[in-house]
Structures are given as C-alpha cells and as structure tokens.
Amino acid sequence: MRYLPLTPQDRTDMLAKIGVAAVDDLFANVPKSKLLKGLVDLPKAKGELDVERIMGAMAAENITASEVPFFVGAGAYKHHVPASVDHLIQRSEFLTSYTPYQPEIAQGTLQYLFEFQTQVALLTGMEVANASMYDGSTGAAEAVLMAHRVTKRRKAILAGNLHPHYRDTIETLSRMAGDELVSLEPNPADASADLKAVAAAIDAETSCIVIQTPDVFGNLHDLTAIAKKAQDAGALLIAVVTEVVSLGAVTPPGAMGADIVVAEGQSIGVGLNFGGPYVGLFATKQKYVRQMPGRLCGETVDAEGRRGFVLTLSTREQHIRREKATSNICTNSGLMCLAFTIHMTLLGETGLRRLAAINHANACDLADRLADVDGVEVLNGSFFNEFAIRVPGDAAKVVEKMAKKGVLAGVPAARLWPKHKALKDIILVANTEVNTDDDRAAFVAALGASL
Amino acid sequence: MATTKYTKDHEYIRIDGDVGTVGISHYAQEQLGDVVFVELPSSGKAVKKGDSAAVVESVKAASDIYSPVSGQVVEANPDLEGAPATVNDDPAGKGWFFKVKIANPAELDELMDEAAYKAFLDTL
Amino acid sequence: MSMNNQGRPTAAGEAGAASAHPTFTGNKALQIEEALIFEIGRPEVTGVDMPEPKKVKSRLGKLARKEPIDLPGLSEPETMRHYVRLSQKNFGIDTGLFPLGSCTMKHNARLNEKMARLPGFGDIHPLQPVSTVQGALELIDRLADYLKELTGMPAVAMSPKAGAHGELAGMMAIKAALEAKGEGHRKTVLVPESAHGTNPATAALIGFEVKAVPAQADGTVHVSDVKAALTPDVAAIMLTNPNTCGIFEKEIVEIAKAIHDAGAYFYCDGANFNAIVGKARPGDLGVDAMHINLHKTFSTPHGGGGPGAGPVVLSERLAAFVPYPFIRAGKGFSLVEEGGKLDKGEMPFGRMSAFHGQMGMFVRALAYMLSHGADGMKLASEDAVLNANYIRASLADLMSLPFGNQPCMHEALFDDEWLKNTGVSTLDFAKAMIDEGYHPMTMYFPLVVHGAMLIEPTESESKASLDLFIATLRDLALSAKRGQVERFKNAPFHAPRRRLDETRAARNPVLRWTRPQPYAEAAE
Ligand SMILES: Cc1ncc(COP(=O)(O)O)c(C=O)c1O
C-alpha cells in the first residue's frame, strides 16, 4: 500500500513497545461482537493506473463546459481561470495546511486571508468581510440569522427573484430555527414589481429583506430606495450577488446602502466543479462585526514588532462560545479564498473591469441576435451577463433538444421552479468571456431548429 | 464610606445608597487575562439576581457577568467599549461594568464582605 | 461570573535577544518578507490579457459602476512571487509531521488532485441537463454506496459542505423525524462537555437546548449518566466516537439502546471515524446519524481551512428525511430536486445549500477509497491507532495522561499536570515544538482536560519519523522539567514570526487594509 509507510517488522516492534500482542488489543473498547472480522464489501486496493481508468471512464460520460457552446449560469458561471491560479493553490504549503491556529507558521494563509477580506470589502463596497462561508447560499442563510441577532426580530422577507436554491436554503434553516419567513413570488417580466412587493411586505416585525442583484433572471436592481425603506423600519437589507464578476461593471450593493452583502465567489478563480467547492463571500458594516458568522483575520505585530496576522474576534465562534456562537461554521472555504484572491490579484482593477465589460458585451450581442429569432423574447430591461428568454412551448424540452444538437443553452426555469406553470417557457441564458461569436451563432441556430 | 460586597462568582457590588456599582474582582481579571471586549446591558434593563447581565471577553474566552442583585440597570460604563483594558488595570475603580438600582436590599446580606471574600479566595 | 479562564497569555511576550545578524531587507535567506498586494500592486497593472470588448449598447442602465474599486493588480511574474513567498511562511503536511489532534492531517495524495481536475468532473455545471452528467451522478452514487457500506447505514445525505454542516443536516433530520411523530416538544439535546464546539453550536442554531452529560474518570460517558439525563423532553444525544479524548466509548451500544428506549435519537460526531474505518460500523453500534468529514478521514486536503465535505449517514429511522437534492439510480441516474417525484415514504426536510454538495471533494474521497481498497482502509485505521499508541507508550513516563495509561485510538491525549511548577505551559511547549520543525498538536482541546495536548500522528508517518518526533518531545519534556524555561517562554525563535499579539488584534480589530491617508489630509 503506497500510502502506508510502516513495514510488517515496524508494526511488530511497535506493538512490543506498546506492550500488546496484536493490534486488535488496542481496539479492546469496541464490543467484541461489533469488531469486524473480515473486510467490508468493497474492492481491494488499486494502483494509480487502475484508479485513473475507473474514474476516467466516469468522467468521460459527462459533457464538459469547454467542449460545447455553453450558456448555463443561474448561480454558477463558466469563466476562464489563469493557469497560474491552479498552480499556486497546489503549493504543498497551502494545500496541505490546516486552519491557521498557529500563526507563527501560518502567515502565508493568514496574509492571503487578510488580502482576501480586503478585496471582498472593496468589491462589495462594504467596510468589512470575513474569511469566507461555504458558498453563497449558506452565506445567505447565515446572513438572515445575523440580521435576526442584530435587530432582535425574527422575520425575514425574501424577494421573489431570489435564486430558488438560496430561498430553499434560507427557508429550511429558518423553519428549523422557528423563525418567520415571507417568501414572495417570482416576477420575471417586471423586475421592479418584485421590489415593490418587498417594500409592501416590510412591517415592524421585519428583521431583514433579502434581494438578489443581478436577480436570478438577470435583472439589475437599484437598491437605494428600498435600503432606506427597510432601515427606516428598523430592518436590514441583505443583498445577494451570485455573479461577482458583475461587480466589475455595476454599482456595488454597499454603495446602495446594503447592510450585509453575501455573494457566490465561484466565478473568480474557482471552476464549476458540478456545484462545489465554491466560496461564499460575506461582508457587512463595521458596527455589526461582532454579530458576524465565520472566521476573521486581523492585523497585529509579533514580539519583535513586525507586522503579522492572526485569527481574531474568535469569541463569536463555536470553539469558544459553543451554544451561544454566532454560527456553527468551522471549516470554511480556505483554499477557494486563495484561488479567488490570486485570480483577483492577477486581474486587478483594470482586468476585472475589462472582464466584466467583455461579459456584458457578449451577453448584449447574444440578446441582439435573439431579437431576430421568431417567437423568442428577451424579458429583461437590464442585465449584466445573463438574461431570461421566453420561447414558444416547453423550455425544458427546448433545452434538451439543443443539448442533443451540441449546445448547452441555459437553465430552464422549470428546473428551479417546478411548480410555477407560468415560468415553463422561460430559459435563463448566461454569456461570459468564454463564449465566442461562433458559440452565439450556434446558439441561435440550435434554438431556431429546436422550437 | 460605601461598602463593597462580593459573590462567589467574583463579581463585586459597591453600595452607595440604593445604587450598586458592579464589576469584577482583581482576582477575576487576573484569571481572565487580557480583557479585549465587554458587552454591557442597556440602562433601563431589569435584571434579577444571578441573571447574566454582561459579558467579558478575553481573546480565548467569553464569560458571563451575573448581576449580584435584582434591580434596574441605571448606567453602563461608557468608557469600557473603547478601553476594555481598564478592566485589567483598575477593576475596582474605572473598570466598573454597570450601576444597578437595588430592588431588594435584603439580597445584599447573602453576599460576602471583603474579609469573607479574601478567605474564600484562599480556598481556591 | 462564569469564570472561563481557558484564556492563556495572548500578548506577544518579550522578544528576547534580537537576531545577531540583522539584514538590510529584514529577509533571512529563503525567508523573504512580503508586503501586501495593496502595497505592491497598481490599479493599471493586470496579469490577465483579454481582447477589447465588442461595441454594444449597454444594458446596465443607470447601474453602471461609476466609482473606482481601488483593486491593485499584479503582473503574472509578480503574482507568482508574491504567493510563492507567502507559501513559504506556511507549514503543511508535506513539510513535516502535523499531529493536530481531531483534525487528521494525513497524507494528501496527488492522484486525487489529478482526478478532481479531470474536465469531466471539474468542468461541468450543476444545472446542465441531467442527461449530460450521468458519469458525475454515478460517481456521487458510488461514493454514497461506499459510505453506506463502511458505516453500515442505509442512507446518506451527500450535500453538506463540511463536518459542522453535516451535523446541521443530521440534527435537522432528527427534528423533522420528531415533528413527523408529533414529538416536536422534545427540545433538549445532550452533549458531553468534551464535545467539539460545533456540536452545541449546531443544536442551538435550530432551537435545541443543550444539556451537559458528564464523562467519568476513564474519559468515557457511562450509560448510567445518560439514563439519568434522559428526561422526556430529550430529542437526541450528540456523542463523538471515538471521543475527543481519543477513546472509544465502550458503553456505546448500551447508550444507543437507552437513547432509543427513551424515544430519542443518537447523533454521532464522526470526526474521528478514521480510527475505525473497516474495523467497526456505526450502524452496528446503534447510531442514527453521523457526519463524515471527507477532509479528515478520506484525506481530501484541508487547504488551510477548507473546503471540506460532510456527508451524513442516516439510520432506517431517519432515512426518509434525506434533504434535496438526492440521486436516484435506475435506468441511468436521476436527480431528485424540489418538486420532483418522490417515492412512498420519502419526506425530504428541505435543502442544505445550492446545488449538490462538494463534488471536488467527492472525487478525491473516492480516489482515496479506490486506492486503499477495503484492505488498505482497514490497515490505515490500524496504523493510525498503532502510531498514536506508540507515541503514548513512548512518552507516558514523562508526560501525564489524564485518563491513565490505557490504550487510545488514533490520538493520544496528555494534560499539563506534568508541567506543574516548571513555569512552562502547554502553549509554551507547543511553541517550542515549532522551533524543532514540528507543527504543534491540538492544544487546550478538549476543554475538559487541563492544558490538553491532543496528538494525532495519523497512519502517514513512518516509524523513523515517529522515533525522531518522540525523541524531540522527550528532549523538550526533560528540558522543561530541568527548568530550562528560556527554551519555551518566548518560543518560537526560528519561525517566520515570533509570537503574535492577539490581545492587540482583538482590542483594536484591523480586518482589512486601508489606504494610508495622504500626508496633507492626515495633517489636517
Ligand atoms: C470532533 C469534531 N467535530 C466536528 C468538527 C467540525 O468539522 P468541520 O470543521 O468539517 O466543520 C471537527 C473539526 O474541526 C471536530 O474535530
């Protein structure tokens, strides 16, 4: 077994030192009848080559985002990640280290977390950010709990155009925690109606409103007025961003008055990975920092007066506060923070803005081309790199047909809202820097042939 | 002169008429190590004897401060938020936590005086 | 007050003698001081070349960003250097023995990294048509089967994203099951004080009240204490097995029975499952739910604090409540999401997160399992236990064991009794280990043991490596007992940083870089 260094002789010698006859003597606390005699019913050990064959065969059964014209988004986006990012995150000292509990020998991790927190704060337009959540959706659920703590109220209002998976994640945690939740209906055709509905639902019990921008249909929202409305009522505005690249082109939630911003950071540095691991970004105002979930890295000095970094404000966390902690999170998304921060460092202001501009331009180009397809309607008044189209008939069938023609066209709304008949003819279409003119031409052709 | 009484949990209350000033003993601040944050009750809050009324945090621990008596909080120390180290530097003086209007003076009789508290510390 | 004096000195201490050979740069040969990206980057520099965007009519409306972001950029060579230098300030498993108890810092095979990067796994989208990701669903389904076989449990929820998230899923399943039986009034969860902080935090997160159960002098929980605590409002017990003291709970079967007889559920924290993989199955012991930290037991890398994955296996009593989404195998694989067709008896309690879980970790864990096989996994557990006991036996004459010199499982727990009157604390001892080239063990956890030192060598260490580690700890221990305090008090001396001032960090939190004010403004 290539991973196990002990030789049979080592084992014998070590047992002698310990003073037992057999290794099972060390398992004496396991009830005799429960100690397995033989092996579990799984295959025996394999060499690298065999494992590669088995796994390679499974991998080969999937159609990858790079091999076809690819327009699937709805919370996870295909972007190009520079080669140096994946190289650097595989440095042993990053990959095989633990949460930085011993800061003297973890300054590498701690410094990039400090840089990550700063980048997230700058991007979202907020004062402080934490060292990550699991992903955007769990971050959103934690944000709602945080708003409850800050306001000492227990009722959240979710905008209808919030990603349904985010809604369900929040809904599950809220229901289990015994909190109240108002979840509004989606409104693809009139995005401003969604904010009006949220505004109308705010009352004296409301702890927070949760609004996504760009929303799940791709519409951009000016949150300034609703932020004020919420805050006047003593509630917080939680803004959700599922496509962080948008922040290179649009006004960030912090500039519109958001109290908490949660975002999915996957687009920067992290691959699609069939849904995980991703990285949740979580930012807020300085005055709420003690109610924040998750780890925080802070600056300090060492005994020789040199700048250094440590995990700080840990009394919020489970390992100290236990049942009174702000969250139960322990392991977070460390290495994905690293991927995010390296990619963001490579981009810089100039690169991020260029990347965002290309995404937007490509999406506009596709929208323009679709205007010429009979029976197809782009629903959005505004969008960044994703929009919703209405097609005649069953959108899920259209997407399947297009897949057969070698185009992965987007997410049929029915996949996310199976019970909403009115959304059956809608497809969410994302367009990033990876899509070429040829891809868009292929999209239009495949769509035309699938209606 | 105001008298000071102590709890077994190392809070003190300095009694001045019907108002008591609550803080933690020198021994307690020493045990806690560097205090980095104090969470205080808002004035007007009603507390019962033994209720957790404040939280004192060091880097690695958070401890509840129990009110030594029942009553109503009349003031919280406004200086601790910006200077939590005061709890270490001057626990009996500037490092007080909150003042409470004592509802039931009889409760004070259940507390230790200076000498009894000293004797109690010797048993720890 | 609730005197919680787990606090240990958190100021930086004294510097002692400064370096005898100061350098102009502050660098020390391979240890190079590295500024923040905000200090070396420039907004006009980018390390990514991209074409001009097409000319289009903007659809951003009035939300087009007006203000600069103020993000620094670095060219590619500068980026490489920045992060390589940072990496050199870090200790990883590949650097040396990393005996961090409870965290299971075992070898991370690079084959697993390679597999996770196969485009067929790494470059597929969670919402692309199910017909185009059959291999991915097959992989998750296969991993689920392996986990069920290894634990002897009939069901598993794959979507939780780390151990704590698995705990949450498991406790939610228990809550859903209680509510389905009309027993929602059960509000108490029993948790021993030795438990990891995530256990009480999880229970409290969804409205349970936490009640402590004591452990006895041998470090285990006794069934009599559990029975005494089993009031009618008890919903569940959360017990770690092997426990956080590194001991297998020997009355676990009786405890499970008592719990079930009282109508409650048995949640097992499976963070230490790595000690018993292939040796004993939680399903045979009466467990109802247990999360598995794939990043511990199945070696998906810790990555400096994540990502992890925390699938939670469920007993027959909880199987119906597996949350969305889950995979159904039949003719091909389908994914059951909200609104999908449920089989009789299925009652998903909701959703833990967007999408389907930590696929990248699933791939690595399955590569680990296939590589080890049934035989290798059993041997790995045995070697992990053997290595820990070898350390225990080799140090027991010098360092004190809180629960007597009995066999441990995969980790050996010492307390600080033996350091009494030496002037050296657990913290000091740990910091001196750093100078010797080791990552310290887990310290001050579990909380029930004074000055705890929890040493988990894992199966990845050779005998030679263990022998040197033992010799080093013996030398340090003797040094402490001889009163050579200076070796400890201000250690580490040789790390990239000396002790850091955590008090200052917490009193005046600086959580992000801010641009120094221009001189003129600052002077105003
Ligand atoms: C005993 C125990 N339980 C639970 C956890 C939480 O697991 P995770 O960090 O994966 O959320 C840990 C890990 O730190 C642990 O050691």
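Student: In which part of chain A is the place of E433(A)?

Tutor: The model is a predicted one, and the description that follows should be read accordingly. E433(A) is placed in the loop that runs between strand 13 (426-430) and helix 14 of chain A. The residue is buried, because its relative accessible area is 18% and the cut-off for buried is under 20%. Leaving aside residues up to four places away in sequence, E433(A) touches H79(A), H80(A), L355(A), I358(A), N359(A) and N362(A). In sequence E433(A) is 388 residues from A45(A), and the C-alpha atoms of the two are 43 Å apart in space.

Helix 11 of chain A spans residues 334-370 and helix 14 of chain A spans residues 437-450; their axes come within 10 Å and cross at roughly 30 degrees. Helix 11 of chain A is therefore roughly parallel to helix 14 of chain A, and the crossing of the two is right-handed.

Elsewhere in chain A, T151(A) belongs to helix 6 (residues 136-151). T151(A) is buried, with a relative accessible area of 15%. Apart from residues up to four places away in sequence, T151(A) touches S207(A), G234(A) and L236(A).

Helix 1 (residues 8-18) of chain A packs against helix 11 of chain C at an angle of about 45 degrees, and the axes are 9 Å apart. These two helices are therefore oblique to each other, and helix 1 of chain A passes helix 11 of chain C in a left-handed crossing. From helix 1 of chain A the contact draws on R11(A), M14(A), L15(A), K17(A) and I18(A); from helix 11 of chain C, on L379(C), D383(C), L386(C), N387(C), N389(C), Y390(C), R392(C), A393(C) and S394(C). Seven nonpolar, three polar and four charged residues make up this contact of helix 1 of chain A with helix 11 of chain C.

D383(C) lies in helix 11 (residues 359-395) of chain C and is buried, with a relative accessible area of 1%. Residues up to four places away in sequence being excluded, D383(C) touches L4(A), L6(A) and R11(A) in chain A, and E459(C) in chain C. D383(C) and P457(C) are 74 residues apart in sequence, with a C-alpha to C-alpha distance of 9.8 Å.

As to the interface as a whole, 218 residues of chain C are in contact with 200 residues of chain A. The two chains bury about 17700 Å² between them, with 63% of that area on carbon and sulfur atoms. In chain C, the residues that lose the most area to chain A are R59(C), R65(C) and L511(C), which together account for 5% of what that side buries.

Definitions and conventions
Residues numbered from 1 in each chain as written. Chains lettered and ligands numbered in written order. Predicted model: local features only at pLDDT ≥ 70, side-chain atom pairs only at ≥ 80, totals over all residues. Heavy atoms only, no water. Helix = DSSP H or I, 4+ residues; strand = E, 2+ residues; numbered from the N terminus. Buried < 20%, exposed > 50% of the residue type's maximum accessible area, 1.4 Å probe, protein only. Contact = heavy atoms within 4.5 Å. Axes fitted to C-alpha atoms, helices over the stretch in contact; angles between N-to-C directions. Parallel < 35°, antiparallel > 145°, perpendicular 65-115°, else oblique. Left-handed = near helix turned anticlockwise from the far one by under 90°. Buried area = accessible area lost by both parts, 1.4 Å probe. Nonpolar A, V, L, I, M, F, W, Y, C, P; charged D, E, K, R; others polar.
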